[in-house]
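The topics run from the whole chain to single residues.

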Amino acid sequence: MHYTEQIYRPPSEARSVLLEVTTGCSHNLCTFCNAAKGLKFRLSPMEHIIEDVKEIAAFKPDTKRIHLLSHDAFALSYERLMEIAAVIHEHLPCADELSSMGSILNVMDKTDDQLKELRKAGYEYIYIGTESGLDEVLEKTRKGFTVKDSEEQLKRLENAGIRYCAMYVLGLAGKGNGLRNAIATAELFNKLHPAMIGGNSLTVFRDAPIYKEVLSGEFEEATELECAQELRLFLEHLESPCYVAASHASVGTPVKGRIPRDKEKMLSQLDGYIENFDERRYRLRRELMRSM
Ligand code: SF4
């Protein structure tokens, strides 16, 4: 298999076969992200993709689900995505579930008809970095889209029948702004129907641009307690039925469950964390993190 960089794959794709179709990130500007820094965005050569699909067919001919790598593989053009789906279907007739990571910008550059055709071709699940429901946060972190864009583009995915996991980064609004961010982000998702909301918590890595902002005082990190309170308020306001997995390694106070069924259980779990909060212990844990 042609794997050319460190692999990032969502935990929920642990059982999927991973097929590299791009390297790096087509945007690569988000100030809090170090995942693709130093990597040039590149399309995998079609001959590599064909070789890899044939290899998968030789070892796992009944493969059903394939996760396309890398950081925003949905950035590929409609034509390229369809070409890749055709190769997959030719060699792996059972592979009818294709997923990838993507951004709001990647949805914008496809028409409604193209999104529907992609769904028919098997693209059924996208992991999207919505990150925040506050425009000031999206602008400051250079996401390249607005909250209104998130709402419009995710509705377009829904209309095309493509399910998605919307990512939310706790702490991204900085010290003192978490509660406002929690309510705004819950309000955004309440207008939508995400299959899942994935919660991360901001960790400032030295090779991410935001590190310089922290050093200069331009950005002040939220405390660990603020992140826990932000998550609690977010869940309290979240009404859209979906699965929430705020359980990434970066979240010191992990919870997961289904809204509305498990909401009370998650809230009381968070109350338990908050009641006995040890800021130093959570902070140390974050400082030991080496990558996203
Ligand atoms: S957060 Fe996502 S879109 Fe932004 S630079 Fe990182 S990988 Fe690219």
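Buried residues account for 43% of the 292 residues in the protein. The model is a predicted one. It holds 11 helices and 10 strands.

**Overall form**
- A compact globule of 292 residues would have a radius of gyration near 19 Å, and the protein agrees because its own value is 19 Å.
- Along the principal axes, the C-alpha atoms fill a box of roughly 55 × 40 × 35 Å.
- Take the contacts between residues at least 6 apart in sequence: 80% of them join residues at least 24 apart.

**The nonpolar core**
- The largest nonpolar core has 79 residues, and within it Tyr 164 and Ala 166 touch the most other members.
- Strand E7 (residues 163-170) gives this core its largest share, seven residues.
- Which residues does Ala 166 touch, not counting residues up to four places away in sequence? They are Ile 128, Thr 130, Leu 154, Phe 189, Pro 194 and Ile 197.

- E7 and E8 run parallel, joined by six bridges.
- Within that pairing, Tyr 168 stands opposite Gly 199 in E8.
- Strand E8 spans residues 196-201 and also runs parallel to strand E9 (residues 242-246), with three bridges between them.
- There, Gly 198 stands opposite Ala 245 in E9.
- Is E8 largely enclosed or open? Five of its six residues are buried, so the rest of the structure largely encloses E8.
- E9 pairs with strand E10 (residues 255-259) in the antiparallel sense, over five bridges.

**Strands E1 and E4**
- Strand E1 (residues 17-20) has two faces: Val 17 and Leu 19 form the covered one, while Leu 18 and Glu 20 form the uncovered one.
- E1 pairs with strand E4 (residues 65-69) in the parallel sense, over four bridges.
- What is the bridge partner of Leu 19 in E4? That partner is Leu 68.

**Ile 49 in helix H1**
- Ile 49 sits in helix H1 (residues 46-59).
- Is Ile 49 buried or exposed? It has 21 other C-beta atoms within 10 Å, so Ile 49 is buried; the cut-off for a buried residue is 20 or more.
- Leaving aside neighbours within four places in sequence, Ile 49 is in contact with Leu 19, Val 21, Ser 44, Ile 84 and Val 87.
- One of these contacts, Leu 19, belongs to the covered face of E1.
- Pro 93 is 44 residues from Ile 49 along the chain, and their C-alpha atoms are separated by 16 Å.

**Around the ligand**
- Which residues are around the ligand? They are Cys 25, His 27, Asn 28, Cys 30, Cys 33, Ala 35, Ala 36, His 71, Asp 72, Ser 103 and Gly 129.
- This shell divides into five nonpolar residues, five polar and one charged.
- Asn 28, one of the shell residues, lies in the loop between strand E2 (22-23) and strand E3 (42-43).
- Asn 28 has 17 other C-beta atoms within 10 Å, so it counts as partly exposed.

**Backbone points to check on screen**
- Asn 28 has a positive phi, near 55°, in a residue other than glycine.
- Arg 142 has a positive phi too, near 60°, and is likewise a residue other than glycine.
- Where is Arg 142? It lies in the loop between helix H5 (135-140) and helix H6 (147-160).
- Arg 142 is partly exposed, because 15 other C-beta atoms lie within 10 Å.
- The peptide bond that joins Leu 69 and Ser 70 is cis, with omega about 20°.
- Ser 70 is placed in the loop between E4 and helix H2 (78-91).
- Another cis peptide bond runs from Ile 259 to Pro 260, and its omega is near 10°.
- Pro 260 is in the loop between E10 and helix H10 (263-275).

Technical notes: Residues are numbered from 1 along each chain as its sequence is written. This is a predicted model: local features need pLDDT of at least 70, side-chain atom pairs count only at pLDDT 80 or more; totals for chains, interfaces and linings use all residues. A residue is near a molecule or strand if its C-beta atom, placed from the backbone, lies within 6 Å of it. Ala, Val, Leu, Ile, Met, Phe, Trp, Tyr, Cys and Pro count as nonpolar, Asp, Glu, Lys and Arg as charged, and the others, Gly among them, as polar. Two strands pair if DSSP finds at least two bridges between them. The radius of gyration is taken over C-alpha atoms; the globule rule is 2.2 Å times the number of residues to the power 0.38. A residue is buried if 20 or more other C-beta atoms lie within 10 Å of its own, exposed if 12 or fewer, and partly exposed in between; C-beta atoms are placed from the backbone. Two residues are in contact if their C-beta atoms, placed from the backbone, lie within 7 Å. A nonpolar core is a set of buried Ala, Val, Leu, Ile, Met, Phe, Trp, Tyr and Cys residues joined through C-beta atoms within 7 Å.
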